[in-house]
Amino acid sequence: MDFNTMQRLYEVLLNKSEDVYLAAGKIHDALDSSAQALQIAKEQAAASPSNLKFMRGLMISAGKSADAFAAAGKLNDALNGYEESLRIARRRIEYQPELPEPKRDVEISLLKIGELQRRRGESAAAAETVAEALRIARDLAQADPNQLLRQQDLANALAAAAQLQEAKGELQEALRYFQEAQAIYEVLHQAHSGQAQFYDIVQTCAADLERLRQLLDSSSFPANSPDQP
């Protein structure tokens, strides 16, 4: 095994360690692991700029580093990491325009950026970012309708769009997005033999739908009952 391969494996191990630390609430350790992984990825990518494997490794490590910053509440650092990951993902499309995976990487980065923008109160920017992610997710899902991962990505993008529409007060649009997302999650739940992950998501969507219906009913009440004081 050559040195580059060993370094790449160590980078992957560090990124996986970050996941474990984040799950355990050990934010400082997660930040340390992600920083080490990102440094390795940067060195490998700098040494071989056109190596697509190293390029994707840098994209992943930049995104993982951003995950750790987001968990630590360092939103500016997190946004910088996600934007770097997005830039690399877009560059990979230039090298591999025929493959769906680089496009999916762009979509995932956009969703994470949109979530950060929402947390920072940048609602207009978040809506624009998530709208682009949703367009990509739809294109990929339509191109490969039997690929469950593509459907899951679409449902996730729909749910993100629904949350932003609700925050803007566009309840009908939010309801439409949530309904479409729930229908996909129900299919995924059945396809995965009732995995708890999808059951929980389906239940959450159902609760969101009921809440939105109640909001719509209450907001339309005066219009439906003009004589009501």
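## Salt bridges

The salt bridges in this predicted model come to 12. A salt bridge here is a side-chain nitrogen of Lys or Arg within 4 Å of a carboxyl oxygen of Asp or Glu. Residues are numbered from 1 along each chain as its sequence is written. Local features need pLDDT of at least 70, side-chain atom pairs count only at pLDDT 80 or more, and totals for chains, interfaces and linings use all residues, while side-chain values use heavy atoms, without hydrogens and water.

One of the bridges joins K64 and D19, with N and O 2.2 Å apart. K64 belongs to helix 3 (residues 52-71) and D19 to helix 1 (residues 3-23). The two residues are 45 residues apart, so this pair links distant parts of the chain. Helices are DSSP runs of H or I with at least four residues, strands are runs of E with at least two, and both are numbered from the N terminus. Are these two partners buried or exposed? K64 is buried, at a relative accessible area of 14%. D19 is partly exposed, at 38%. Buried means under 20% relative accessible area, exposed means over 50%, and partly exposed is in between (1.4 Å probe, protein chains only).

R56 forms a salt bridge with D105, and their closest N and O atoms are 3.4 Å apart. R56 lies in helix 3 and D105 in helix 5 (residues 100-119), so the bridge ties together parts 49 residues apart in sequence. R56 is partly exposed, with a relative accessible area of 32%. D105 counts as buried because its relative accessibility is 7%.

R92 also meets D105 in a salt bridge, at 2.7 Å from N to O. R92 sits in helix 4 (residues 75-95), so this pair ties helix 4 to helix 5 across 13 residues of sequence. Both R92 and D105 are buried. Together, R56, R92 and D105 are linked in a network of salt bridges.

## Helix 2 against helix 3

Two packed helices are described by the angle between their axes and the distance between the axes. For helix 2 (residues 27-47) and helix 3, the axes come within 8 Å and cross at roughly 160 degrees. That makes the two helices roughly antiparallel. Axes are lines fitted to C-alpha atoms, for helices over the stretch in contact, and angles run from 0 to 180 degrees between N-to-C directions. Roughly antiparallel means over 145 degrees, roughly parallel under 35, roughly perpendicular 65 to 115, and the rest oblique.

Which residues make the contact? Helix 2 contributes residues including I27, L31 and A41, and helix 3 contributes residues including F54, K64 and F69. Contact means heavy atoms within 4.5 Å. The residues of this contact divide into 13 nonpolar, five polar and two charged. Ala, Val, Leu, Ile, Met, Phe, Trp, Tyr, Cys and Pro count as nonpolar, Asp, Glu, Lys and Arg as charged, and the others, Gly among them, as polar.

## L171 in helix 8

L171 lies in helix 8 (residues 171-191). L171 is buried, with a relative accessible area of 15%. Leaving out residues up to four places away in sequence, L171 touches E166, L212, L215 and L216. The C-alpha atoms of L171 and S61 are separated by 37 Å, and these residues are 110 residues apart along the chain.

## The whole protein

The protein has nine helices and zero strands. Its C-alpha atoms fill a box of roughly 80 × 35 × 35 Å along the principal axes. Of its 229 residues, 41% count as buried. Among contacts with a separation of 6 or more, 57% join residues 24 or more positions apart.
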